[in-house]
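User: I want to learn how to read a model like this one. Can we go feature by feature?

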Amino acid sequence: PSATANLKDKADRATTEQVLDPRTRIILFKMIGRGLLYEVNGCVSTGKEANVYHAFTPERRHVALKIYKTSILVFKDRDRYVSGEFRFRKGYSRHNPRKMVRVWAEKEMRNLKRLQTAGISCPEPIEVRENVLVMGFIGNAEGWASPRLKDANIPHSEFPRLYRELLLTAHKLFHECKLVHADLSEYNILYHVETKQSASSDAPSFGQIDGLDHGHLYIIDVSQSVEHDHPHAFDFLRSDLRNVEEFFSRRDVRTLGLRRAFEFVTNDGVDEGGADAALERRIAQAEEEGAKDEDEGEGAHAVNSRSAADEDSVFMRSYIPRTLNEVFDPERDVGVLNAGEGEKLIYKDMIGIVAPKEKEIARPMEKRTVKFVDEPNDEAESES
Ligand code: ADP
Ligand code: MG
């Protein structure tokens, strides 16, 4: 066959076989052989990088299989998560797709374990083999997955509670797991509620769903989560929190505003009664300011107070340095500090979190411009 026919063949094969290439099938057969799985059922979700399937264990326990696609093109745009990540220094080969995908699957497994250890609601990590991740199933006893926060039918009065829950989760993720999710949005959070078998449904209820919390948020999709000292951790955190702020303010929750949510997650609650108390203080302050705006006839319809909104527009456009070495214009900043105007430095409270590592000290200091690259939302793209 000609070279072009050959290429076309390959492309066809890649699309029709999707995830279940022969090697992946062998992995699944082996899992069945070992008694980890009993049967693999329908697809819960097909995505750009992975498909998720429902499966049963021999004990009739529901599990989810996340099967990463092994096509070489799919993971190319993940480089921004990889560069600068300590855990990727070895063994990340951009030229061997199976190896690359294996690294992502293993990373998701490790990150899920960290979440679980910190007591964050997430699927229980069970096992990973190459590109197949086995985890607890978040759904009901009929085998229906719980809806994503985006699609869930949630009583309006529940949103303020869920907003608090999510900010506390982000705080825990940062301080206890030492991670930033880096793709946190209503697409990667499941809302689990008890779904009683509907009277009209004749679907049998079978299998075990143990220990899931009803009316709570489950964090999923943590393969791209980064260490909190990753060079872009703060940029990822800011866009994570922007998604959270936008989602809940669209649902009329009086949110903190992005800048303050960011400060809460990175700074608060190490003392003074912990994160819960700190969050309550911040929310009380936001409500007070909002009420004042309304009295003054300003922003009667705005959810955030005027000052929070002003701060955010500056904050979104600011470059957040990770360490002292990333301060974009050291001479100017020292000038600002000496003039007693330290308040103007957006990162004044943040640079203390991680002392610069030796490697970073040795690096020549770059002069950087203030910028924030507005990155397209992967999820939104893959949705369309
Ligand atoms: P990606 O976004 O990379 O395709 P996700 O991990 O977000 O992969 O999973 C895709 C979808 O599969 C989720 O939106 C959710 O609907 C479903 N899903 C993922 N993990 C589980 C799970 N443990 N239990 C139930 N459903 C899940
Ligand atoms: Mg996802």
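Analyst: Start with a definition. A residue is buried if 20 or more other C-beta atoms lie within 10 Å of its own, exposed if 12 or fewer, and partly exposed in between; C-beta atoms are placed from the backbone. A nonpolar core is a set of buried Ala, Val, Leu, Ile, Met, Phe, Trp, Tyr and Cys residues joined through C-beta atoms within 7 Å. This is a predicted model: local features need pLDDT of at least 70, side-chain atom pairs count only at pLDDT 80 or more, and totals for chains, interfaces and linings use all residues. Residues are numbered from 1 along each chain as its sequence is written, with chains lettered from A and ligands numbered from 1 in the order in which they are written.

User: How many residues does the largest nonpolar core have?

Analyst: In soluble globular proteins, nonpolar side chains tend to be buried together. Here the largest core has 74 residues, and L65, I219 and A261 have the most contacts inside it. A contact means two C-beta atoms, placed from the backbone, within 7 Å. Leaving out residues up to four places away in sequence, L65 touches V40, V52, Y53, A55, V132 and V134.

User: Which residues of strand 7 are buried on each side?

Analyst: In a regular strand the side chains alternate between the two faces of the sheet. Strands (E, at least two residues) and helices (H or I, at least four) are DSSP runs, numbered from the N terminus. In strand 7 (residues 189–192), I189 and Y191 are buried on one side, L190 and H192 on the other. Strands pair if DSSP finds at least two bridges between them. Strand 7 pairs with strand 8 (residues 216–219) over four bridges, in the antiparallel sense. I189 stands opposite I219 of strand 8.

User: Why is helix 6 called largely enclosed?

Analyst: Count its buried residues. They number 13 of 18, so the rest of the structure largely encloses helix 6. Just after helix 6, D252 takes a positive phi of about 65 degrees.

User: Is H54 buried or exposed?

Analyst: H54 has 20 C-beta neighbours inside 10 Å, so H54 counts as buried. H54 lies in strand 2. Its contacts include N41, H62 and F137.

User: What surrounds ligand 1?

Analyst: A residue is near a molecule if its C-beta atom, placed from the backbone, lies within 6 Å of it. For ligand 1, 19 residues qualify; the closest are S45, G47, A64, P123 and D221.
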